[in-house]
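Please prepare a briefing on the strand pairing in this model, and on the surroundings of a few residues in the sheet.

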Amino acid sequence: NHLRTLPLRFNDVRRDSINNLDVSVLKNVKLKGEMRLQLRAELINALNQTYLPNPNTGQAGNTFGKVTGANQSNYPRRTQLGVKFIF
């Protein structure tokens with residue numbers, strides 16, 4: 001009966017996956033003849049969810065298991081407005 005134990009590797013620690021909600025709203029306005037105006041608003045990461053970097057996996061320091069990174073791994077909420085003239 002040979003039981004093999006795998007060493008515990010702390011660099012395999014995972015975090016939540018990044019799932020952003022992107023929203024796009026548009027309105028078509030009919031002008032004269034075939035001419036149209038399209039108004040759009042787009043929100044990237046509409047709920048402004050923050051996903052921080054992975055925790056520190058270095059076992060030697062006193063920051064083990066802590067999230068010390070200052071940057072978030074995804075974009076903060078961004079808004080884009082646009083107008084398109086179609087003729």
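**Sheet pairing and two strand residues**

Val 23 has Leu 43 of β2 as its bridge partner, where strands (E, at least two residues) are DSSP runs, as are helices (H or I, at least four), numbered from the N terminus. The model is a predicted one, in which local features need pLDDT of at least 70 and side-chain atom pairs count only at pLDDT 80 or more, while totals for chains, interfaces and linings use all residues. Residues are numbered from 1 along each chain as its sequence is written, and side-chain values use heavy atoms, with hydrogens and water left out.

**The sheet**

- Three strands, in the order β1-β2-β3, make up an open sheet with antiparallel pairing, two strands being counted as paired if DSSP finds at least two bridges between them.
- Because β1 (23-30) and β3 (78-86) each have a single partner strand, they stand at the edges, and one side of each is left without a neighbour in the sheet.
- From one strand to the next the twist averages 10 degrees, with axes taken as lines fitted to C-alpha atoms (for helices over the stretch in contact) and angles running from 0 to 180 degrees between N-to-C directions.

**Strand pairs**

- Eight bridges link β1 and β2 in the antiparallel sense, and in the hairpin of these strands, which has five residues between them, Gly 33 takes a positive phi near 60 degrees.
- Nine bridges link β2 and β3, again in the antiparallel sense.
- Opposite Leu 37 stands Phe 85 in β3, and Arg 36 has Ile 86 of β3 as its bridge partner.

**Gln 38 in β2**

- Gln 38 belongs to strand β2, which spans residues 36-44.
- Gln 38 counts as buried because its relative accessibility is 9%, the classes being buried under 20% relative accessible area, exposed over 50% and partly exposed in between (1.4 Å probe, protein chains only).
- The side chains of Gln 38 and Arg 40 are joined by a polar contact of 3.2 Å, that is, a pair of N or O atoms within 3.5 Å, of which, within protein, one must be able to donate a hydrogen and the other to accept it, residues adjacent in sequence counting only if both atoms are side-chain atoms.
- Neighbours within four places in sequence aside, Gln 38 is in contact (heavy atoms within 4.5 Å) with Leu 26, Lys 27, Asn 28, Gly 82, Val 83 and Lys 84.

**Val 25 in β1**

- Val 25 lies in strand β1, and its contacts, leaving aside neighbours within four places in sequence, are with Leu 39, Arg 40 and Ala 41.
- Although 16 residues separate Val 25 from Ala 41 in sequence, they are 5.3 Å apart in space, C-alpha to C-alpha.
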